[in-house]
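Dear colleague,

Please find the structure below, handed over for your records. My notes on its backbone geometry and its confidence follow.

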Amino acid sequence: MRNNYFIVAMLVLILFFSACKSKKQHSKASDSRTTESPYLGQKLPGIIPEMFAPGMVSTENWEMGGVFTPDQKEFYYIREVGEKEEDKKQVFMMFQQHSNGNWKESEISGRVGEPFISPDGKIMHLGRRYKERTESGWSEIKSLGAPFDTIRIMRMTSSAKGTYAFDEATPNGKSVLRYSRIINGKREAPKPFPKEINTGRFNAHPFIAADESYVLWDGQRENGPRNAEIYVSFKQPNGAWGKAIKLNKETNTKASEFGARVTPDGKYLFFNRNTGKVTPTDKYENTDIFWVDAKVIETLRPK
């Protein structure tokens, strides 16, 4: 009889501890899901910038220009590949999420411009060229036509209203950032942004917010060695652009930071950071993609 009681007692204890273990494992699984994200499954950053998808997107190679489509099922960026310096080239890469939730990486082509997806997801801007979203993917590359086809545009971004914000590659650093709106159904000729934005040297890679409430760009306003820093200008109640505000020291470090852009949901700021040479023989210093909570922008917005 005692043996029976002992066996029953042991079974009760086993069931108790199994239930506790199962509950603990379920809790861990829940915690894991909360750190999962539609951003390639990466743990979300806080207000301190972190390298984006290390080992997956950001590697020992040179990467830059990462952008998501509005449905966050596709991620496009540029990577430099090649073991030897003379063999290196830049290629156009993408990650696509499949129905099982897994992300698959593929090389699309050689570099054809710095990608940016319009807020409605219908246009992939590639500087002065673009692709249109089709039922089967993306169209062939098309030209924006005059007057944009004569401007050496590095990056073109657009707002929800269709306003363009773009730069121009110049050899002397005296680049001018421009915009072009749609007025009464017609696109206006490009105009330069005001001096609040077009001051200093090497101004480049503008990003206009979907609601046009601010513009991000990078440039250099101090004398000394070339070192890009990210600035923001907020649109004032009267429609004018406010003074340039440099992003915080955690975002703008002693390294060069450039190419800022915000995710389609407005939650995260992505940018490129020059992280130094990987090997002494590298011709170009390494560049990786970083991201941070977009609150770093909102804290600077005038009250």
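Helices (H or I, at least four residues) and strands (E, at least two) are taken as DSSP runs and numbered from the N terminus. The model is a predicted one, in which local features need pLDDT of at least 70, side-chain atom pairs count only at pLDDT 80 or more, and totals for chains, interfaces and linings use all residues. Residue numbers start from 1 along each chain as its sequence is written, and side-chain values use heavy atoms, with hydrogens and water left out.

Proline 147 lies in the loop between β10 (142–143) and β11 (156–158). The peptide bond joining alanine 146 to proline 147 is cis, with omega at about 0°.

Two residues with positive phi also deserve mention. Most residues other than glycine have a negative phi, and most peptide bonds are trans. Phenylalanine 202, in strand β17 (residues 201–208), has a phi near 55°. Its relative accessibility is 18%, so phenylalanine 202 counts as buried (under 20% relative accessible area; exposed is over 50%, partly exposed in between, with a 1.4 Å probe and protein chains only). Glutamate 212 has a phi near 65° and sits in the loop between β17 and β18 (214–220). Glutamate 212 is buried as well, with a relative accessible area of 8%.

As to confidence, pLDDT (the predictor's confidence in each residue, from 0 to 100) has a mean of 86 for the protein, and 84% of residues reach 70 or more. Over residues 1–35 the pLDDT is below 50, and this stretch has five contacts (heavy atoms within 4.5 Å) beyond near neighbours in sequence. Where pLDDT is low, the predicted coordinates should not be read in detail.

With kind regards
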